[in-house]
Amino acid sequence: MTDERLDGGEAVLAACRSLGVDVVFASSGSEWAPVWEALARQDRDGTAGPRYVDLLHETLAVAMATGYGLVTRRPQLVLVHAVPGLLQGACGVHGALLAGVPMVVASSESTSYGDGHGADPGSQWYRNLSIVGGPQAVAAPWTKWSTQVGDVSTVYGSVVRAAEIAARPTAGPVYLNIPVEVLLDEWTPPALVGRAIPEAGRRVSTSADLEQAARRLLAAERPVIVTESAGRHEDGFEALLELAETLAVPVIEPQAAVCANFPRTSALHRGGDTASAVADADLVVLLCCRAPWYPPSDRPVAADVLVIDDVPHRPYVDYQVLGADQYLEGDIGPTLRALTGAVRELGVDEQKVAARLAALTVPRTAPAPRQPAEHWIDPGDVVDCLRELLDPDAAVVDETITHARTVQQRLRADRPGRYSYVQGGLGQGIGVALGVKMADTDREVALVIGDGAMLYNPIVQSLSAARQLDLPILIVVFNNRQYRSMKLNHLRFYPDGAAVREDDFRGVDLDGQPELAKVAESLGVLGLSLTEPEQLKSGLAQALASVRSGVSALVDVRVSI
């Protein structure tokens, strides 16, 4: 470090170094010149520090941080511009909140509007960028925590504190408003700068709670485990597998499941129909379930409910009903391991377990043969082909709506990280997939996405980033040329309405969409359009060959439904 004057930008970067931040994802504005200057000093001096990535849209920046955080489980920094940039990225920030992904999102405002005694922030803050209450008030409803940094002396500590809050359960995005004047003010590093920030400590329920839960499991005749997101937690997938196999407890991944939680190839995996699975159960274990019953009051009356979660009642959920008889609260992997240990210590009835396993391994009724699609390509065939061609360790990111259940069922994910659903509003999928790829560049990454969701994404900016950052991914578009979800909801509410009788639906038609393969080609991405079943396997194989050679590919598949 030279004797140059340091300012708030250096404090931000110093905090990133202490936290071990890998990447600063930025779709930033003029307020971040102090951080850019600090980055220039970092590069000039050869100082170790985070990578800075400039991106062309705020949704893309946040979504990439989300994908990166899904893999690493560590908070990264996202820089956006004032309130307009924050609002552009709001959909992605809210998605990160729902997904439990830690990140620090920051933007600025002015506190002096040019009338102060320090550096002139620029007239744009007075004329266009201010907002009553400050951007921290805007961000508060859809972040875990939101505040303003009041002085340059607290910038370093505020960024560190924000990241530590973001990483604690339930993990999620936090927001910092760091005013321009604070960023430009002179900063003297305190003595604690440079100290590595420790990871959060592990939390496990008490021995008494674990024993009570273990006795419930051992006493149950017909237990069932329902999980939505255990696989998002460190060791959650493997620890759940150990517990379920120890007692031969069937596992349900409902429609609300957002990741691979349990091997779908296992005899203990019993599909996604929660209502049927719990109808005869005497013990229901809700493992990382945000919304297990629908309607929320539809809790099974005859069964006990054991809830296992790091934070069972999500503070960002407006209404939530779990109906628990007991809670086990703590980090998911360690808690499940401790519960399995308590079960074994009390003694497993191996005869009961063997009988339960035998009943579960009775061959299931084979599904009725599917009739070939009369037109276009069957969505299930697309997933089957992907499962066959993708690397077994490939990560599949899903931003479909009406095809999501087909993707979950037919992909048959059998390991952690194999499947992840994009949460929140549509339009984040490409960025999330790119973030997953950036976090693990050796892993093959595929995005499955509906044409409606695809058109919500910042396509030009995202595909440009894939090329510029050397992040080749496969994008498979399930294209039915309509917002089918919109139509299905209309039919649900008005099954015999005028729209049905006249075949006159609003908010559905996507026939006017651009040719997505040509859009991809214009951005240096291989683009393919598939309309016939006999094209499917060769087309996907060609696309994967391109991805494996370093060039992203988009396959626009005309699906039958």
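This is a predicted model: local features need pLDDT of at least 70, side-chain atom pairs count only at pLDDT 80 or more; totals for chains, interfaces and linings use all residues.
Local features are taken where pLDDT is at least 70 and side-chain atom pairs only at pLDDT 80 or more, while totals for chains, interfaces and linings use all residues. Residues are numbered from 1 along each chain as its sequence is written, and side-chain values use heavy atoms, with hydrogens and water left out.

In soluble globular proteins, nonpolar side chains tend to be buried together. A nonpolar core is here a set of buried Ala, Val, Leu, Ile, Met, Phe, Trp, Tyr and Cys residues joined through side-chain atoms within 4.5 Å, where buried means under 20% relative accessible area, exposed over 50% and partly exposed in between, for a 1.4 Å probe and protein chains only. The largest such core has 54 residues, of which Phe25 and Ile475 touch the most other members. Helix H3 (residues 58–72) gives the largest share of this core, 8 residues; helices are DSSP runs of H or I with at least four residues, strands runs of E with at least two, both numbered from the N terminus. A second, separate core holds 36 residues, including Ala260, Ile377, Tyr419 and Phe478.

The whole structure contains 3 aromatic pairs, that is, rings of Phe, Tyr or Trp (its six-membered ring) with centres within 6.5 Å, called stacked if the planes are under 30 degrees apart, edge-to-face if over 60 and tilted otherwise. The rings of Tyr113 and Tyr126 have centres 6.4 Å apart and planes at 55°, so this pair is tilted. Tyr113 is partly exposed at 32% relative accessibility, whereas Tyr126, at 58%, is exposed.
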